[in-house]
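Open the model in your viewer and keep the selection tool at hand. The stops below say what to select and what is there.

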Amino acid sequence: MEDKVLRKLFLGFIQIHILHHAKEEPIYGTWMLEELREHGYSISSGTLYPILHSMDTDGLLTKEEKNVDGKIRKYYTTTYKGNKVLSEAREKAYELFKEIKD
Ligand SMILES: [Zn+2]
C-alpha cells in the first residue's frame, strides 16, 4: 500500500470484504488477516483492528465476545445496516468492474 490513493481504495475494498465474510458467518481478527493476506493484501493487525472497531461503532458489524481456550475472542457479524451497505457496494463495484475490465 505504497500510494496514498491506492491505500484509500484498498481500505474500502477491505471493508467490503469484511462485510461479505461476516455476513456468511461470524469472523475474528486473525482469521480475517489471514483471509486478506491470501487475497494479496499485506495488512497488519494494527491496521485491521481499528477498522473492525470503527465498523462496529458505525453499526455495520455487531461484536460478540467468546471464550476460546481461556482467551476472549471478538467475533463480528454483519448487521442489517452493514448488509445494505454491502449490497449497494456490490452493485457499484460490479458496474465499475464491467466498465474498466478490458
Ligand atoms: Zn475473501
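The tour goes from the whole chain to single elements and then to side-chain pairs.

**Before you start**

This is a predicted model, in which local features need pLDDT of at least 70 and side-chain atom pairs count only at pLDDT 80 or more, while totals for chains, interfaces and linings use all residues. Residues are numbered from 1 along each chain as its sequence is written, and side-chain values use heavy atoms, with hydrogens and water left out.

**Stop 1: the whole protein**

The protein has four helices and two strands; here helices (H or I, at least four residues) and strands (E, at least two) are DSSP runs, numbered from the N terminus. Along the sequence they follow the pattern α-α-α-β-β-α. Along the principal axes, the C-alpha atoms fill a box of roughly 50 × 30 × 20 Å.

The accessible surface comes to about 7300 Å², and 52% of it belongs to carbon and sulfur atoms. Such areas come from the Shrake-Rupley method with a 1.4 Å probe; for residues, only the protein chains shown count as cover. Of the 102 residues, 27% are buried. Buried means under 20% relative accessible area, exposed means over 50%, and partly exposed is in between (1.4 Å probe, protein chains only).

**Stop 2: helix 1**

Select residues 4-24, which form helix 1. Its end C-alpha atoms are 31 Å apart, which agrees with the 30 Å that its 21 residues should span at 1.5 Å a residue. The expected span is 1.5 Å times one less than the number of residues.

Which residues of helix 1 are buried? They are Ile14, His17, Ile18, Leu19, His21 and Ala22. What covers them includes helix 2, helix 3, strand 1, strand 2 and helix 4.

**Stop 3: the zinc ion**

Select the zinc ion and the side chains of His17, His21 and Glu35. The protein donors are His17 (NE2), His21 (NE2) and Glu35 (OE), lying 1.9 to 2.1 Å from the zinc ion. Donors are N, O and S atoms within 2.8 Å of the metal (3.2 Å for Na, K and Ca); water is not among the atoms, so sites may look incomplete.

In sequence, the donor residues are spaced H-x3-H-x13-E. His17 lies in helix 1 and Glu35 in helix 2, so this pair ties together parts that are 18 residues apart in sequence. His17 counts as buried at 14% relative accessibility, and Glu35 counts as buried at 12%.

Stay on His17 and show its surroundings. Leaving out residues up to four places away in sequence, His17 touches Met32, Glu35, Leu36 and His39.

**Stop 4: helix 3**

Select residues 45-57, the 13 residues of helix 3. From first C-alpha to last, helix 3 reaches 18 Å, close to the 18 Å expected at 1.5 Å a residue.

Colour its buried residues, Leu48, Ile51, Leu52 and Met55. Seen down the helix axis, they fall within an arc of 95 degrees, so they line one face of helix 3. The arc is that of the directions from the helix axis to the C-beta atoms. What covers these residues includes helix 1 (4-24), helix 2 (29-38), strand 1 (61-68) and strand 2 (71-78). The face turned away from the buried side carries the exposed residues Gly46 and Thr57.

Just after helix 3, select Gly59, which takes a positive phi of about 80 degrees.

**Stop 5: helix 4 and the chain end**

Select Ala93, which lies in helix 4. Ala93 is partly exposed, at 41% relative accessible area.

How many salt bridges does a search of the whole structure find? It finds two. A salt bridge is a side-chain nitrogen of Lys or Arg within 4 Å of a carboxyl oxygen of Asp or Glu.

- Lys98 and Glu95: their side chains meet at 3.6 Å, N to O. Both lie in helix 4 (residues 80-100), three residues apart, about one turn of the helix. Lys98 is partly exposed at 39%, and Glu95 is partly exposed at 47%.
- Asp102 and Lys101: their side chains meet at 3.6 Å, N to O. Asp102 is exposed at 86%, whereas Lys101 is partly exposed at 48%.

Notes: Contact means heavy atoms within 4.5 Å.
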